[in-house]
Amino acid sequence: MTVDHTVQVRINGEHRRVAQGISIAELVSELGLDPLRVAVERNLEVVPRSTLGDVKVEDGDDFEIVRFVGGG
Amino acid sequence: MNVQSPVGADSWTVAGRTFTSRLIVGTGKYKSLQENAAAVEASGAEIVTVAVRRVNISNPNEPMLTDFIDPKEITYLPNTAGCFTADDAIRTLRLAREAGGWNLVKLEVLGEAKTLYPDMRETLRATEVLVKEGFEPMVYCVDDPIAAKQLEEAGAVAIMPLGAPIGSGLGIQNRVTIRLIVEGAKVPVLVDAGVGTASDAAQAMELGCDGVLMNTAIAEAKDPVMMARAMKSAVEAGRLAYLAGRMQKRRYADPSSPLAGLI
């Protein structure tokens with residue numbers, strides 16, 4: 001956490017600074033993604049979609065955000 | 001017996017879900033999502049396999065598979081292709097369940113990149129964990145009747161032995177062992193991998209398999225949509241031939257026309 005009220009997180013391997021105190025749902029929306037079409041893992045634990053709006057982003061969080069793509 | 005629509009009357013059930021199409025198609029390797037969707041439609045498949053991958057956070061507006069193939073109409077079967085450990089596969093499917101909201105999944109844990117052969121030790125371990133967590137895994141495996149039994153005992157809802165290495169198109173190389181697995185299994189058996197052309201798919205069905213899963217044979221055909229149609233026909237033809245019961249083979253000729261009344 002810094003004086004500019006941001007926290008540092010990692011999203012899909014990329015470091016990002018995001019506003020302090022936002023929820024995961026807000027984070028996903030800020031990235032331009034539809035929370036209904038992705039799944040989120042936070043620090044190796046799946047975050048149920050129903051709680052994305054309740055869980056706050058913490059400094060140092062490591063997120064994986066995935067979706068379905070073509071595959072065999 | 002209704003000779004008008006024997007295929008229509010024929011269906012198969014996996015983990016309580018009933019399907020009429022016995023062809024499952026992958027959604028990888030297509031030139032475009034449009035072509036992919038057209039091939040799925042032509043194949044008549046009711047289930048498609050899909051992969052779980054990171055979203056591109058630099059380009060969140062990339063076209064999505066779900067815009068072209070509607071998960072409400074076609075059952076998405078999340079697959080763990082690309083996972084080389086049980087832990088990676090389990091992690092992937094936990095995310096897939098959250099993304100899709102269903103428990104029916106396809107497990108594959110690969111042993112090495114060169115052959116993409118399944119690692120059965122890890123596959124069995126992953127199956128046990130997934131079943132405990134409420135998943136219904138259809139499991140890609142070697143063509144070993146004993147391994148197939150062990151997977152079934154562990155709770156696999158379908159056994160999916162390879163007919164030849166993934167993406168090889170070599171055709172069904174192991175008819176004897178596939179047949180043994182079919183005879184021993186109480187859950188559906190589907191050939192997964194190895195099909196190269198329509199006759200391979202028919203052959204898998206003639207062995208008594210409940211279905212066939214393929215991707216590359218359609219996606220890498222010169223005309224994928226036409227090949228998808230061919231595969232649909234082949235799976236139906238093979239299934240009918242299996243149900244019809246083929247003639248016995250003979251070592252020598254047997255004339256088709258009567259010998260009596262020859263001039």
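Reply: B:Arg54 forms a salt bridge with A:Glu64, and the closest N and O atoms of the pair are 2.7 Å apart. The model is a predicted one, and this distance, like the other values here, is computed from it. The pair lies between the two chains, where the rule finds four salt bridges across the interface of chain B and chain A. Over all chains, the structure holds 20 salt bridges.

B:Arg54 also has a place in the strand pairing between the chains. A:Val66 stands opposite B:Arg54, which is in strand 4 of chain B. Strand 4 of chain B and strand 5 of chain A, residues 62–70, run antiparallel and are joined by five bridges. As a general point, side chains in a regular strand alternate between the two faces of the sheet.

The rest of the interface can be set around this pairing. In total, 33 residues of chain B are in contact with 27 residues of chain A. About 2700 Å² is buried between the two chains, and carbon and sulfur atoms give 58% of that area. Counting residue pairs in polar contact between chain B and chain A, with both residues at pLDDT 80 or more, gives 18. On the side of chain B that touches chain A, at least two residues each come from strand 4 (47–54), helix 2 (65–68), strand 5 (75–78) and helix 3 (86–100). Helix 3 of chain B gives the most to that side, with seven residues. By type, the residues on the side of chain B that touches chain A are 15 nonpolar, eleven polar and seven charged.

The side chains of A:Arg10 and A:Asp62 meet at 3.0 Å, N to O. This pair links distant parts of the chain, since A:Arg10 is in strand 1 of chain A and A:Asp62 is in strand 5 of chain A, 52 residues apart.

Strand 1 of chain A, residues 6–11, pairs in turn with strand 2 of chain A, residues 14–19, in the antiparallel sense over six bridges.

Chain B has nine helices and ten strands. With 263 residues, the globule rule gives 18 Å for chain B, and its radius of gyration of 20 Å is close to this, so chain B is as compact as a globular protein of that length. The C-alpha trace of chain B spans about 85 × 40 × 40 Å along its principal axes.

Methods: Residues are numbered from 1 along each chain as its sequence is written. Chains are lettered from A and ligands numbered from 1 in the order in which they are written. This is a predicted model: local features need pLDDT of at least 70, side-chain atom pairs count only at pLDDT 80 or more; totals for chains, interfaces and linings use all residues. Side-chain values use heavy atoms; hydrogens and water are left out. Contact means heavy atoms within 4.5 Å. Buried area is the accessible area (1.4 Å probe) that two parts lose on being put together, summed over both. A polar contact is a pair of N or O atoms within 3.5 Å; within protein, one must be able to donate a hydrogen and the other to accept it, and residues adjacent in sequence count only if both atoms are side-chain atoms. Helices (H or I, at least four residues) and strands (E, at least two) are DSSP runs, numbered from the N terminus. Ala, Val, Leu, Ile, Met, Phe, Trp, Tyr, Cys and Pro count as nonpolar, Asp, Glu, Lys and Arg as charged, and the others, Gly among them, as polar. Two strands pair if DSSP finds at least two bridges between them. The radius of gyration is taken over C-alpha atoms; the globule rule is 2.2 Å times the number of residues to the power 0.38.
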